[in-house]
Amino acid sequence: MVLVPLPPNTTPVPPPIFLPGMSPADSSSTEASAPAPTSLPGHTKEEETQSSGDKIASSVNGTAPSSAEAFLQPRLRLHLNDLTDDGTSIFLSSISPSSILPSAVSRVQKALYVHPTRGYHIPSTRSVTLIVRPMDGVAYTTGIDLDPEQHKEIHLSSRYVASISAERRGHEIEGVIVHELVHCYQYNGHGHAPGGLIEGIADWVRLGADLAPPHWRKGDEVNGKWDAGYQHTAYFLQYLEERFGEGTVRRLNEGLRTSKYEEKAFWTGILGRPVEQLWEDYKKHVDEEKGNES
Ligand SMILES: [Zn+2]
């Protein structure tokens with residue numbers, strides 16, 4: 001095993017209060033866990049609605065948060081379990097982990113929290129270890145036994161890496177890493193959110209990062225359930241973000257932090273309608289878009 005510490009390092013912070021986590025399981029990739037929610041005081045959705053645009057504008061305009069306000073950077077580590085493994089060599093020749101990992105962390109933090117101190121409460125994830133090893137499936141995220149909330153492991157299958165077509169490798173590996181990193185930073189309704197919503201949020205961030213694989217299509221499988229997960233739920237979330245405004249998914253994630261997920265109360269509380277109605281609206285929207293194309 002090779003252990004390569006990656007910059008930047010973390011600044012330790014007092015641990016928040018965590019509740020038990022969850023373990024969404026899925027057939028297309030081997031998924032494990034999302035971080036457990038904290039019980040810290042929340043912000044109101046009005047704060048987010050009113051200020052998220054300002055926060056983005058200020059960072060774009062160069063008045064970036066001071067170093068005291070910067071997002072905490074977790075310690076990032078890379079384990080390569082078998083250097084003789086083809087997929088491991090392909091991994092190393094396809095991406096530059098020392099730049100991809102920190103930029104992916106930053107992207108996930110901004111997508112879910114916008115600002116380190118003026119946004120919602122970000123979990124104080126202190127370390128993320130990427131483990132590349134031969135295994136079935138694509139990737140999964142889990143907590144380290146000693147402290148599962150603050151120390152995360154992302155397991156990436158080197159067999160999967162070897163199976164990606166050469167021209168797509170860098171893009172695909174980065175997309176998978178972004179998806180898994182969302183699981184290191186998102187909330188899960190005190191363990192009661194549907195796995196499909198957790199996966200959908202992860203792929204919504206991936207979609208927003210322009211890292212969608214070529215087979216993803218908006219409106220695929222609209223005859224299924226809203227929480228079919230992955231890109232199906234990701235495109236639904238993208239629609240909600242367009243309809244209810246930027247920051248909608250962040251409000252959903254915050255709702256998953258503050259209370260135990262109960263479907264009706266969750267959706268009507270945040271968006272004023274049951275999710276089934278929103279899903280029907282989304283299907284109509286997809287039909288209209290398809291109608292306009294033909
Ligand atoms: Zn996942």
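Modeller: A residue counts as buried under 20% relative accessible area, as exposed over 50%, and as partly exposed in between (1.4 Å probe, protein chains only). By that definition, 51% of the 294 residues of the chain are buried. This is a predicted model, in which local features need pLDDT of at least 70 and side-chain atom pairs count only at pLDDT 80 or more, while totals for chains, interfaces and linings use all residues. Residues are numbered from 1 along each chain as its sequence is written, and side-chain values use heavy atoms, with hydrogens and water left out.

Biologist: Why is strand 4 called largely enclosed by the rest of the structure?

Modeller: Strands are DSSP runs of E with at least two residues, helices are runs of H or I with at least four residues, and both are numbered from the N terminus. Strand 4 covers residues 139-143, and four of its five residues are buried, so the rest of the structure largely encloses it.

Biologist: What makes strand 4 and strand 5 a pair?

Modeller: Pairing requires that DSSP finds at least two bridges between two strands. Five bridges join strand 4 to strand 5 (residues 151-157), and the two run antiparallel. Ala-139, for instance, has Leu-156 in strand 5 as its bridge partner.

Biologist: Which residues does Trp-267 touch?

Modeller: Contact means heavy atoms within 4.5 Å. Not counting residues up to four places away in sequence, Trp-267 touches residues including Leu-252, Trp-226 and Leu-278.
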